[in-house]
Amino acid sequence: MPSGARDMALAVEIQLPVNALTPNQSSLTRLIERAAAGDTAAFEQIMIHSQHRVMAMTWRMLGNEADARDASQEVFLRVYKYLGRFKQDQDFFGWLYGITINVCRDIAKKRQRHSDRFTSFADGADEGAYGVAAEQPNAEEALMHTQQRELISRAMATLPDKERASIVLRDIEGLTTDEVARILKSSSTTVRSQISSARKKIKVYCEQYLR
C-alpha cells in the first residue's frame, strides 16, 4: 500500500466540517473508479465523505475513542486494499459498513473486550438516537439524558456482536431491515429477530439498573 494512502488512513478524525457533504452517486462512482486505479487524491475524497460514518460506527460498536480510531484506520486500509473488488452496482456505503462491522469484530475478539470497559458512545452518536432530544431546556434535564445514553451504552455492551451490529445499523444508522440483512449477509427475518431481542435486552438491563 503506498505510504500516502496509509498516511491518509492514519489521519481519520472523529468530526467532519458541517459542510462535508456526501457526493451524488455519479460523482462517487467516478471517485471510486479513480481510486481503484491508484489515484490517492480520489481515495482521500472518499475518506473525507465517509470517515464520519466509519468513526461513529466503530465508536458505537467498540465503545471508546482509542479502539474506534484503531478500527477506523484499519477500515480505510482494507477499503484501499479491496476497492478494486467493489462492484459499481453495489451500494458503496453498505459495502463500507460491512467492512466496518468485520473490523470491529476482529478488534473485539483480539482484545477480548469486557462489558465493564464499554464507555459511552454518545459523543460519536447523532443527537436524537433512542429518542434523546437534541436540545435540553436546562442543565438538570441535560444531565438526565446524558445518564440515559450512558446507561444504554452499558446495556449495548452486553449484547452479542450480531445483535449489537443489527440494532446499531437499524436504530441508529437508520438503515432498513433489508439493508441491514445485506450488510450482515443474513436474512431479514433473522435481523428482525436480532433487533427485537436486542431491544428487549436493553429494556430489561435498564429496568434492572433503575430499580
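## A salt-bridge network

E74, R78 and D106 are joined by a network of salt bridges (a Lys or Arg side-chain nitrogen within 4 Å of an Asp or Glu carboxyl oxygen). In this predicted model, local features need pLDDT of at least 70 and side-chain atom pairs pLDDT 80 or more, while totals for chains, interfaces and linings use all residues. Residues are numbered from 1 along each chain as its sequence is written, and side-chain values use heavy atoms, without hydrogens or water.

Helices here are DSSP runs of H or I, at least four residues, numbered from the N terminus. R78 is partly exposed at 21% relative accessible area, and D106 is partly exposed at 38% (buried is under 20%, exposed over 50%, partly exposed in between, with a 1.4 Å probe and protein chains only).

## Other salt bridges

The whole structure has seven salt bridges. One of them pairs E163 with K201 at 3.1 Å, N to O. Here α7 (residues 161-172) supplies E163 and α9 supplies K201, 38 residues apart. E163 is buried, at 11% relative accessible area, whereas K201 is partly exposed at 36%.

D39 and R34 also meet in a salt bridge, at 3.2 Å.

## A look at K185

K185 sits in the loop between α8 (177-183) and α9 (188-210). K185 is not a glycine, yet its phi is positive, about 55°. K185 is exposed, with a relative accessible area of 75%.

Technical notes:
Helix = DSSP H or I, 4+ residues; strand = E, 2+ residues; numbered from the N terminus.
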